[in-house]
Structures are given as structure tokens and as C-alpha cells.
Amino acid sequence: MSASHASHITPAVTDSTDEDAPTLLVKIFGRDRPGITAGLFDTLAAYGLDVIDIEQVVTRGRITLCALVTAPTGEADGATEGELRATVHSWADSLKLQAEIISGHGDNSPRGTGRSHVTMLGHPLSAESTAAITAAITGTGGNIDRIFRLAKYPVTAVEFDVSGADTATLRTALATKAAAKRVDVAVVSSGLQRRAQRLVVMDVDSTLIQDEVIELFAAHAGCEAEVAGVTEAAMRGELDFEQSLHARVALLKGLDASVVEKVRSEVRLTPGARTLVRTLKRLGYQVGVVSGGFTQVTDDLQERLGLDFASANTLEIVDGRLTGRVTGEIVDRAGKARLLRRFAEQAGVPLEQTVAIGDGANDLDMLNAAGLGVAFNAKPLVREAAHTAVNVPFLDTVLYLLGITRDEVEAADIRD
């Protein structure tokens, strides 16, 4: 159970509560226990008040409960505001709680235009980085309306609801500050589309799995060092991907096809990969992978994880041996973005509701085409170009960027 949680209900305000109508903000503080919320409203009910807004937060066993209500008019039973104040304070004292009552008029001030969710991840999350990010929000003209902890492990994840700032401006400002403070920050627009069915598409090598598949094949061919060197250069964007792919695959010529099963058994999923896919599928998301690697591995991953889509290059096998060539459409940097669009069309999901995750230069077009592009433990070039970056070794932390809490993930696991 999280040590901090909040609930907020804002019912529609009736015409009888206009901007000039007297209202009271009733605030209760103290040690939490069952029945406090019911007790407060039972106390207020005696005065025939209307509820305009409620907000409650419990942090490490301490409750802060706020209720915005209409002020008593005295017309029905002669009750006065002074009597209400005395009754609420007496009730609070009986429970060893503190009460504060503030007079005012009307409802809350309307939130500013431009609303965003800002998710901050830290491992750990320091006060210094939190100060820097919140100051940067203020610097864009944004106001923090609500703060909620999404997770306490394997990272600390906190979400800010922000109004009054343009999402793109906010994202740019926070990306700079996050890089300087070594904290991960994601900014997405608020609205119904965040809860809509989505498509998540991932790179495979060094994203969904910890390995570079071609290097696993190369180890069996005795050319691991040569292949690794070409791979690094390609991921840094120093070599054309298609040329480097053909050069690396040529080194595998003559390998027995039985090596495919050996490589499949050697593939290591990234920590949190199963949790990420399982949780997304439970929520009705569709999930796919695109890879500059090989279908001989991605087809197996698709079956094991229940993925909806998978596309990669295919190693040519003739007479039981690898020929050193690939067949079919090459999945390169442009190909990954093309496949993202194709999967989105097949899934019936607008492109702006897609999420792409990757680590290398050949993922950049896909990350930029998606509604949210996440650079996962990526090279500096990729981190700078993506919408947001995650720099912890747990793939399921991407769930927090989508507003999914750790408690929700664990509750779903328990139900299964």
C-alpha cells in the first residue's frame, strides 16, 4: 500500500452557488483513522449545507481533509456561521484533530488553460531535483494543481497536474532541467485521450531484451568482436544501418540453422519487460515490436509475451545453414517509423495515441512519429531528440509515464 494517496471530487456547481455566494473552506488535519470523512460531513449536515468541492490526502498516516461548502444562511433553522465553527472545532477536538475554517465567496478559481501531466522519476528522487523541476514549471507560467505519488519502487515516480502552460513549452523547459539534474521527466497533454486505448511499440535489442541478437549469433560464429564493433558504430549513427546490417550478417555465413534455438534460449528479457507487456494487455492496449534484428527471435518473443504485432529482418536459411543474407523488407530507421504507422492503422489507433520506446539512433524516426517517444537507457543523441527519457534499468517504469500506479499493477497481479 502506498504511503501517500489522494482523492478529489469536484461536482458540478449549481446556479445557486454563484461567484458572490458566501462559502467556507473547512480544513481538517491530524492522525488518520476510519470515519473522519463521514464524521465531518455528518457534522456539517446539521446545517443544511451544499458541498462544492472535496479534497483529501493521507501521507504516512496523517490526513489533510478539505471541504468547500456553502455558508449557513440562518434562514431555515437560525443557525449561524459562528455556531457552525464552534461545532466543527468541538468535533475535531473530540478526535484530537485540528480544524481551520476560512470564509470566502464562490467556488475555486478556474484552472488556467493548457493542462498537462508531468511525471518525474528518480532513483532516488532528491529534494534538489524536485526543487529544480517544480521551479521550471513555475518558470513557464504553469501552476501545480495536484501532486500524486505513482510508485515508490523500483523507482520513485511522482505526477504533477499542471495548468496554465503550453504542453510543448513545458516539455522543452523540463527536458533541459531534467538532463542537468539527472532525473527523468515526461510531459503529456491532459484529456480523455490519455485514457483511450493505445498502441505501444518497442524496439527489441537493448530495449525489450538486454542483448543485441546479432551478437548472440556472432558468438556462435566466432566473430563476436567484429560484429560488436559494427553494431556500436551503427547505433551511434556513424554508419548507414542497411550497409552495416549486410556486413554483419555476412559474417554469419555457414552457421548451422540449429543455432536459432540456442540463441532464443540465450535471450534475456529486460527487467520489468513481462510486467510492462502484461499490464498493458490487461488495460486493453495493443503492443508490438519492431527490430533491426531477426524474425527468428521476434516471432518467438511474440508468442511468449502475447504481442499483437512484430516485425524484423529475416535471416535467409538454405539447406539448414545461414547464407549470410537477409530476405524481405529491411527494417531500418525509416522502416521502424513506417511500421509504427502501419501497426497503428491496423490497430485503429490514431498516431497521436501511440507510444514508441527505443534506445538507438535507428529508433529516432519512430520515437518522433509517435504521440510519446521514450528513449530507454539510450545514447545521448537519442535522449536529446526523444520526447522523454528513462534512464533506469526497469522497463515497466514506462507505465508510470502513462499514469498507471504501482498499486494498480500489483492489484491486477493479485486478482490473477
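Select helix α5 (residues 213–221) together with helix α8 (residues 259–266), whose axes come within 10 Å and cross at roughly 125 degrees. This is a predicted model, in which local features need pLDDT of at least 70, side-chain atom pairs count only at pLDDT 80 or more, and totals for chains, interfaces and linings use all residues. Residues are numbered from 1 along each chain as its sequence is written, and side-chain values use heavy atoms, with hydrogens and water left out.

Helices (H or I, at least four residues) and strands (E, at least two) are DSSP runs numbered from the N terminus; axes are lines fitted to C-alpha atoms, for helices over the stretch in contact, and angles run from 0 to 180 degrees between N-to-C directions. The helices α5 and α8 are therefore oblique to each other, given that angles under 35 degrees count as roughly parallel, over 145 as roughly antiparallel, 65 to 115 as roughly perpendicular and the rest as oblique.

Now show the side chains of Val213, Leu216, Phe217 and His220 on α5, and of Val259, Val260, Lys262, Val263 and Glu266 on α8, which make the contact (heavy atoms within 4.5 Å).

Rings of Phe, Tyr and Trp (its six-membered ring) pair if their centres lie within 6.5 Å, and planes under 30 degrees apart count as stacked, over 60 as edge-to-face and the rest as tilted. The pair joins distant parts of the chain, since Phe217 lies in helix α5 and Phe294 in strand β11 (residues 286–294), 77 residues apart. Phe217, at 0% relative accessibility, counts as buried, and so does Phe294 at 1% (buried means under 20% relative accessible area, exposed over 50%, partly exposed in between, with a 1.4 Å probe and protein chains only).

Next, select Phe309 and Phe343, an aromatic pair that is stacked, 4.8 Å centre to centre and 15 degrees between the planes. Phe309 belongs to strand β12 (residues 309–318) and Phe343 to helix α11 (residues 333–347), 34 residues apart.

Finally, move to helix α1 (residues 36–45) and helix α2 (residues 81–94), which pack at an angle of about 155 degrees with their axes 10 Å apart, and which are therefore roughly antiparallel to each other. Their contact is made by Ile36, Gly39, Leu40, Thr43 and Leu44 of α1 and by Leu84, Thr87, Val88 and Trp91 of α2.
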